[in-house]
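Reader: I have a model open and want to learn to read it. Where do I start?

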Amino acid sequence: MLLRKYRPTDCGELARLFYDIVHTVNAADYTKEQLDAWASGDVDLEEWDRSFREHDCVIAAEGGTILGFGDMDRNGYLDRLYVHKDYQRKGVAMAICDSLEQAVQGKIAVHASVTAKPFFEKRGYRVIRKQQVFRRGIALVNFVMEKDV
């Protein structure tokens, strides 16, 4: 597995990967209606590309296949962390997080899904609060979590 920086040519593949991951990996913890609201398949690629370029974005790849990706803003907010369904529990998310966290001093914050919460807890993040967020008018539960680095 190789970790590399984001390239604008990755954006479309990351959007497809995001949709697929949400609809498979998170399906045990969220309803179909919630999954469709979270990842409708209608991503603004220009907005995502801008966001990835402004953030520290790490891509995990192997043999030309993107296994996962994560990005963090300048303030230590871990915005996205997604790993392909076939590469779960193989150290991909751990490697991406290790890379992203190295660049931060102070606090790191994340809004973790029900599915991702145990992963972040194992990495030393603590729950600040449980919250409901709304996507396309549908409520989803996630957790505001923080870690001191």
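Reader: Does lysine 147 count as buried or exposed, and why?

Author: First, the ground rules. This is a predicted model, where local features need pLDDT of at least 70, side-chain atom pairs count only at pLDDT 80 or more, and totals for chains, interfaces and linings use all residues. Residues are numbered from 1 along each chain as its sequence is written, and side-chain values use heavy atoms, leaving out hydrogens and water. Buried means under 20% relative accessible area, exposed over 50%, partly exposed in between (1.4 Å probe, protein chains only). Lysine 147 counts as buried because its relative accessibility is 13%.

Reader: What lies 2.9 Å from a polar atom of the lysine 147 side chain?

Author: The backbone oxygen of arginine 123 does.

Reader: How do I read a nonpolar core?

Author: Nonpolar side chains tend to be buried together in soluble globular proteins. A nonpolar core is a set of buried Ala, Val, Leu, Ile, Met, Phe, Trp, Tyr and Cys residues joined through side-chain atoms within 4.5 Å.

Reader: Which residues touch the most other members of the largest core?

Author: Phe18, Trp38 and Phe69 do, in a core of 21 residues.

Reader: How many disulfides does a search of the whole structure find?

Author: A disulfide is a pair of cysteine sulfur atoms within 2.5 Å. The search finds zero. Cysteine 11 is in none, and the nearest cysteine sulfur, in cysteine 57, is 9.2 Å away. For cysteine 57, that closest sulfur is too far for a bond. Cysteine 11 counts as buried, at 5% relative accessibility. Cysteine 57 counts as buried too, at 2%.

Key
Polar contact = N/O pair within 3.5 Å; in protein donor to acceptor, adjacent residues only side chain to side chain.
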